[in-house]
Amino acid sequence: MEYTEFDGIIFADTWQEFNTLQYTGRVIHILCNRGNMGFTFQDTHYNIASGDYAILPNATLASDFLESDDFQGTLMNLSDAFVTSIAIRSNYSIIGHLSLLQTPVIKLSSDDFLICMEAMQYIRKRLENKYHLFREELLEHLLAAHILDLHDIHARSRKVLQVSEQVTSLLQKFIELLYSGEYIQNRNLDFYASRLSITPHYLSEICKKVCGTPATYWIDRFTLQEIVRLLRQKELSLTVIAERLNFSSLSYFSRYVQKRIGVSPSKYRSNIEKEN
């Protein structure tokens, strides 16, 4: 009997096993059983230890993974298309997504750790059955159940109230505009409010309600992560970077960076070179 290859879910026991795989743009889940693992996410360093669950909603924002010699854990690599195909009737997805972009690590209780470990082990076991006639649909439902457990764990830790479908839809569209790269040409709050057919004040208010930060925080966050990515490319001059991101001048670009991260672009690049 023939079967279709499926890359919606890929499991591994160490980060090294992922190094030969294409993980750009995918979603990474890491459950640490023992030891520790460090990584950089959106220019902030994190370290996870036993009982921690890390979710990287966009693997392109993560780098510098380093495991301890005694690290034991389960790594689950999900394609964005497969995650999107799962129809979960919950408005919490965008709340969790924004929260994980701010802090990708969840501290689990012992009971929640067991729930997550058992779920990931079972998904992995069923993934190995390549001849199941409804394999992809089965995995969709198993992953959906695990994601709902994660929603429950995350929501309980934050004591977040559910939000309306209208607010969820608006926030989803706002973040999708940023993921599509609109911040390269447009960093004005009015632009995004206009695209969503709401006022700038209302857009900021719903962002504050859901994640405690105004809409401008997310515009700057996406802009700065791209600036940092480009600054790490030594062959690019500061002038070229400023032009790529549609800043009117190098001086304006420098002031923008200085105000938001506390150092000039040249100083930030110098610090990177010292670290390496």
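Modeller: Two residues are in contact when they have heavy atoms within 4.5 Å. This is a predicted model, in which local features need pLDDT of at least 70, side-chain atom pairs count only at pLDDT 80 or more, and totals for chains, interfaces and linings use all residues. Residues are numbered from 1 along each chain as its sequence is written, and side-chain values use heavy atoms, leaving out hydrogens and water.

The residue I would take is Thr74, which sits in strand 7, residues 72–78 (strands are DSSP runs of E, at least two residues, and helices runs of H or I, at least four, numbered from the N terminus). Apart from neighbours within four places in sequence, Thr74 touches Phe11, Ala12, His29, Ile30, Leu31, Asn33, Met120 and Arg124.

An open sheet is built from three strands in the order 4-3-6, with antiparallel pairing (at least two DSSP bridges make a pair). Strand 4 (44–49) and strand 6 (62–67) are its edge strands, each pairing on one side only. Strand 3, residues 36–41, is joined to strand 4 by six bridges in the antiparallel sense. Across from Met37 is Ile48 of strand 4.

As for the helices, Ile94, His97, Leu98 and Leu101 of helix 2 are in contact with Thr168, Leu171, Gln172, Ile175 and Tyr179 of helix 5.
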